[in-house]
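Me: Hi! I'd like to talk through a structure with you. Could you go over it with me in plain words?

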Amino acid sequence: MIGGCIKFMKDLIKLFILCAFFYSNLLIAKNFEIPEEGIVIKNITCETPSNPSNNQDKYKLITMLIYNKNNFSIESKVLSFDLYDKDGDRLFGHRFILKMSPRTAVREVLSVPECNDSFFGRKTSYKFSIEI
């Protein structure tokens, strides 16, 4: 009885993951690290806003977690986020002012005009850097 229930739950989880993979608007980009600064950016995703509105088709959201891996605080460092097309032209840029305690993370959300299949694929690339 218990073994059958566990197998059913495993199959249900696999089905959920498979459905999420094929039917989700969520796109996931690779993690990015700036080792010399102790900064890691993870869980970079592009998604449709969850609140239904007339503007829903006009913008998408990029979310990310920014980690301070250092054992010291970060005071007012500027983290630049830039998107480039396949020709190397800059499409979008945003600057975050980082003020973080040691070994903490912050979730950031950006509104962008569009992010589709090519957004995190080969046609469009992104870059993070620390401004000096």
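Reply: Happy to. One term before the sheet comes up: two strands count as paired if DSSP finds at least two bridges between them. Also keep in mind that this is a predicted model.

Me: How many bridges hold E5 and E8 together?
Reply: Seven bridges, in the antiparallel sense. To find your way around, look at Tyr 84, which stands opposite Ser 125 in E8. The C-alpha atom of Leu 83 is 6.6 Å from that of Lys 127, although 44 residues separate the two along the chain.

Me: And is Leu 83 buried or exposed?
Reply: Leu 83 counts as buried, at 3% relative accessibility.

Me: Let me zoom out. What elements does the protein have overall?
Reply: There is one helix and there are eight strands. Reading from the N terminus, the elements go α-β-β-β-β-β-β-β-β. The protein has 132 residues, and 30% of them count as buried. Taking contacts between residues at least 6 apart in sequence, 60% join residues at least 24 apart.

Me: Now the aromatics. How many aromatic pairs are there?
Reply: The count is three aromatic pairs. One of them is Phe 32 with Phe 128, a tilted pair with 5.2 Å centre to centre and 55° between the planes. Phe 32 belongs to strand E2 (residues 32-34) and Phe 128 to strand E8 (residues 125-131), so this pair ties together parts 96 residues apart in sequence.

Me: How accessible are those two, Phe 32 and Phe 128?
Reply: Phe 32 has a relative accessible area of 22%, so Phe 32 is partly exposed. The cut-off for buried is under 20%. Phe 128 counts as buried, at 4% relative accessibility.

Me: What about the rings of Phe 81 and Phe 128, how far apart are their centres?
Reply: Their centres are 4.9 Å apart and their planes are at 35°, so that pair is tilted. Phe 81 is in strand E5 (residues 74-84) and Phe 128 in strand E8, so the pair ties together parts 47 residues apart in sequence. Phe 81 counts as buried, with 0% relative accessibility.

Me: Which residues form the aromatic cluster?
Reply: Phe 32, Phe 81, Phe 92 and Phe 128 form one cluster.

Me: Nice. What sits over the ring of Tyr 67?
Reply: That would be the charged end of Lys 42, 5.4 Å from the centre of the ring.

Me: Back to strands. What does E2 pair with?
Reply: E2 is joined by three bridges to strand E3 (residues 39-47), and the two run antiparallel. Phe 32, the one from the aromatic cluster, stands opposite Ile 41 in E3. The hairpin of E2 and E3 has four residues between the strands, and Gly 38 there has a positive phi near 75°.

Me: And how many bridges join E3 to strand E4?
Reply: Seven bridges join E3 to E4 (residues 60-68), again running antiparallel. In E4, Ile 62 is the bridge partner of Cys 46.

Me: Which residues other than glycine have a positive phi?
Reply: Among them are Ser 76, with phi near 60°, and Arg 103, with phi near 50°. Ser 76 is in strand E5 and is partly exposed, with a relative accessible area of 41%. Arg 103 is in the loop between E6 and strand E7 (105-112), and counts as exposed at 55% relative accessibility.

How values were computed. Residues are numbered from 1 along each chain as its sequence is written. This is a predicted model: local features need pLDDT of at least 70, side-chain atom pairs count only at pLDDT 80 or more; totals for chains, interfaces and linings use all residues. Side-chain values use heavy atoms; hydrogens and water are left out. Rings of Phe, Tyr and Trp (its six-membered ring) pair if their centres lie within 6.5 Å; planes under 30 degrees apart count as stacked, over 60 as edge-to-face and the rest as tilted. Buried means under 20% relative accessible area, exposed over 50%, partly exposed in between (1.4 Å probe, protein chains only). A charge sits over a ring if NZ of Lys or CZ of Arg is within 6 Å of the ring centre and within 35 degrees of the ring normal. Contact means heavy atoms within 4.5 Å.
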